[in-house]
Amino acid sequence: MNRYGYADKNIGLQEEEGVRANRGMQKKTFQERGIEYAGELAEENCRDLERILEWNIENGIGFYRITSSFIPWHNRYELGELPNYETIEEVLGRIGERAEKHNIRLTFHPGHFVKLASPTESVVEKAVNELDVHGKILDLMGAEKNPYNSINIHIGAHYSDKEATGRRFCENYRRLSESARKRLTVENDDKESLWSVSELIDAVHERIGIPVVYDRLHHRFFGRGMTHEEAARAAADTWDERPIIHYSESRQEHGEEETRAQSHSDYVEGPIRTYGTGADVMIEAKAKEKAVLRYRDSA
């Protein structure tokens with residue numbers, strides 16, 4: 001049975017209980033208040049992440065993408081340096097145990113600034129650090145080191161030479177910690193000049209074996225001649241674990257013709273097709289968990 005999930009924020013919990021796992025601070029505040037305050041915010045975020053997980057369990061949602069912002073400025077220090085690290089470790093451990101017990105799939109999707117294929121060394125170093133931190137967090141949750149608990153990214157650019165960019169991505173992938181490397185997946189883009197499912201399979205999966213995530217809306221803008229079904233099945237074949245599909249609908253599909261074609265709608269109407277792949281579906285809609293409940297309960 002396919003599981004439907006949502007990403008980052010639980011709107012209902014935030015409105016009703018003030019639950020939000022993405023508390024952060026500006027650079028100036030971090031410089032003034034330092035790692036102690038970062039630890040305070042991180043602990044609050046972890047406890048609220050635990051509350052979100054409990055809500056997901058109560059409401060039968062078995063797939064959730066954790067915000068990458070729940071440990072503020074985590075690329076500026078080692079997690080073990082946080083003054084309250086033991087408490088954070090304990091909470092994350094509980095989250096992992098509950099997720100495993102209730103068969104909840106937890107994943108990450110770091111931001112567009114993670115450019116592992118960049119030709120600039122400093123940018124690559126930041127990307128490696130960011131991905132390694134995500135791997136460490138999943139380790140603290142007790143997650144197995146495989147793409148079931150994926151860390152999903154885009155290649156994100158072509159740097160005027162796609163062949164060289166693909167090779168560079170694969171070379172820099174080998175610089176990652178085992179915790180990040182074994183969980184890494186890569187997703188197709190929404191621009192003609194960037195990376196399609198077929199290109200990711202050829203340039204990345206065939207070289208280093210990491211799985212490809214099929215994004216339905218992105219594929220809609222260009223597919224290099226592949227139908228949605230062909231792309232979804234081809235991407236699914238790159239997985240040893242249960243595949244992940246991203247599903248969203250454009251606001252234009254909902255009659256908002258003046259909006260940007262790539263803009264996600266608040267809710268989705270479907271039908272969501274997984275083409276027999278058995279994939280878990282990340283519903284990327286502005287209404288978050290409300291979109292999942294509405295679609296699931298009406299399907």
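In the predicted model, arginine 98 counts as partly exposed, since its relative accessibility is 25%, a value that lies between the limits of 20% for buried and 50% for exposed residues. The residue is located in helix H3. When residues up to four places away in sequence are not counted, arginine 98 touches Leu53, Glu54 and Ile57. Arginine 98 and glycine 18 are separated by 80 residues in sequence and by 22 Å in space, C-alpha to C-alpha.

Helix H3, comprising residues 85-101, forms a right-handed β-α-β unit together with strands E2 and E3. Strand E2 (residues 63-66) and E3 run parallel and are joined by four bridges. Within this pairing, tyrosine 64 has leucine 106 of E3 as its bridge partner. In a regular strand, side chains alternate between the two faces of the sheet. Strand E3 (residues 105-108) shows two sets of side chains: Arg105 and Thr107 point one way, whereas Leu106 and Phe108 point the other way. Residues of both sets are buried.

Isoleucine 61 lies in the loop between H2 and E2. This residue is classed as buried because its relative accessible area is 2%, and the limit for that class is under 20%. Apart from neighbours within four places in sequence, the contacts of isoleucine 61 are Tyr4, Gly5, Tyr6, Trp55, Asn56, Ile104, Val292, Leu293 and Arg296. Isoleucine 61 and isoleucine 35 are 26 residues apart in sequence, and their C-alpha atoms are 34 Å apart in space.

Two of the residues in contact with isoleucine 61, Val292 and Leu293, are among the buried residues of helix H10 (residues 289-298). The buried set of H10 also includes Glu289, Ala291 and Tyr295. The buried residues of this helix pack against strand E1 (4-7), helix H1 (11-17), helix H2 (27-58) and strand E8 (280-283).

A further packing arrangement involves helix H5 (residues 162-173) and helix H7 (residues 197-208). Two packed helices are described by the angle between their axes and the distance between the axes. For H5 and H7, the angle is about 35° and the axes are 10 Å apart. The crossing of H5 and H7 is right-handed. On the side of H5, the contact is made by Lys162, Glu163, Gly166, Arg167, Phe169, Cys170 and Tyr173; H7 contributes Glu199, Ala203, Val204, Arg207 and Ile208. By class, six residues of this contact between H5 and H7 are nonpolar, one is polar and five are charged.

Methods: Residues are numbered from 1 along each chain as its sequence is written. This is a predicted model: local features need pLDDT of at least 70, side-chain atom pairs count only at pLDDT 80 or more; totals for chains, interfaces and linings use all residues. Side-chain values use heavy atoms; hydrogens and water are left out. Buried means under 20% relative accessible area, exposed over 50%, partly exposed in between (1.4 Å probe, protein chains only). Two strands pair if DSSP finds at least two bridges between them. A crossover is right-handed if, with the strands pointing away from the viewer, the path from the first strand over the helix to the second runs clockwise. Contact means heavy atoms within 4.5 Å. Axes are lines fitted to C-alpha atoms, for helices over the stretch in contact, and angles run from 0 to 180 degrees between N-to-C directions. A crossing is left-handed if the near helix is turned anticlockwise from the far one by less than a right angle, and right-handed if clockwise. Ala, Val, Leu, Ile, Met, Phe, Trp, Tyr, Cys and Pro count as nonpolar, Asp, Glu, Lys and Arg as charged, and the others, Gly among them, as polar.
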